[in-house]
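Please read these notes with the model open beside you. They go through a few places one at a time.

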Amino acid sequence: MADSVDIEVAANATLNETAANATAKIPATVEGMSIAYLSLFLQAIVPIFIGSFRSVKHHQEQKESGEKPETLSHKDAALFPLIASGTLLGIYIVFQIFSKEYINLLLAFYFFFLGVLALAHIAAPLFEKVIPSSFPNMDYHLIFTQGKGESKEEIMNYEFDRKDLVCLAASVVVGVWYLVEKHWIANNLFGLAFAINGVELLSLNRISTGCILLGGLFVYDIFWVFGTNVMVTVAKSFEAPIKLVFPQDLLEKGLGADNFAMLGLGDIVIPGIFIALLLRFDNSLKNDKKTYFYSGFIAYCLGLVTTILVMHVFKHAQPALLYLVPACIGIPVLVALVKGDIKLMFSYEDHSDEKKEVPVKDAKKEK
């Protein structure tokens, strides 16, 4: 979880540069600003939607293989904001001591490798469909072990084919494009890949754990935005594809536009993994209408729209989780109270030690 903490802290920081950016450079037109905000809104909700359904498949594969996923305990969730705060403060101090050009150069190569792998993971199914059947495909099996004889330990066991290699090569091209040009489209391709992978692979096991995590980050975001200048300072110094951007002057300058509105990945992934958990809870109830998933998803949309409106009106950095957390927790819990599922919701567990199924109330089945 250490890497995800670093990414989440920096990602949350970048969101709050949006208002500062807006005041430093006045958007050319209201239309351009509207397009930018609408684009960021769509880029935020699409990874949550796709990543949530991919998480269902991922968890099912883990259960079938008998793999026990790494999940946050209540204690881990409570400590996470403290760890994130320490990481944020550490990044701030590093930027005060060392030249940000050298730091960002190291970060660029670090996120190059992470981005290539994340993008290849997301794009592989697409390449599988678009590459023609006439393609001379061949399977490979890479096994890496440590030791000899009976003490030999398997470190890596990975199967792939030539289509995967083509996908990896295309992802490397995007990575080189990002390294050389730092173009906003390349940045967004990596950012979207990080967001989808985060929602899919990062796991919350219980609704109560998610409430603790989101509640702690709610306080964390408010403190570091309104209480100090640390987060905004880090946001202005930190250059990495852990944010989604869209130019507000696209109509005037085309693809060379440089006046960006930004949204940090942390404000997508953190609520996203909670919404993905709601989808898995729906599946445990055999709920074809996905009531809790869509209530959480709509709540996120409302919270994000509120964040954008407040930033636009007040022209000041806003802690997005101030609006996202109450919506994403409050609305699904309210729906559960109305439907009488509140006990089921808070007793649900993705991977419990005891093999038991959450009971389904026949009287509460969706019509």
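Is His 58 buried or exposed?

1. His 58 is buried, because its relative accessible area is 18% and buried means under 20%, exposed over 50% and partly exposed in between, with a 1.4 Å probe and protein chains only. The residue belongs to helix 3, which covers residues 30–65. Helices here are DSSP runs of H or I with at least four residues, numbered from the N terminus. Apart from neighbours within four places in sequence, His 58 touches Glu 200 and Leu 201, where contact means heavy atoms within 4.5 Å.

2. A word on the source: this is a predicted model, in which local features need pLDDT of at least 70 and side-chain atom pairs count only at pLDDT 80 or more, while totals for chains, interfaces and linings use all residues. Residues are numbered from 1 along each chain as its sequence is written, and side-chain values use heavy atoms, with hydrogens and water left out.

3. Helix 4 (residues 74–97) has 24 residues and spans 36 Å from first to last C-alpha, close to the expected 34 Å. The expected span is 1.5 Å times one less than the number of residues. Helix 4 has a kink of about 35° at Phe 80, shortly before Pro 81; the bend is the angle between axes fitted to the seven residues ending there and the seven starting there. Phe 80 and Pro 81 are both among the buried residues of helix 4, which also include Ala 84, Leu 88 and Ile 91.

4. Helix 3 and helix 12 (291–314) are the elements that give two or more residues to it, and helix 3 has the largest share, 4 residues. Val 46, in helix 3, is partly exposed because its relative accessibility is 40%.

5. Most residues other than glycine have a negative phi. Lys 286 has a positive phi, near 60°, and Lys 290 has one of about 50°. Lys 286 is exposed, at 62% relative accessibility, whereas Lys 290 is buried, at 18%.
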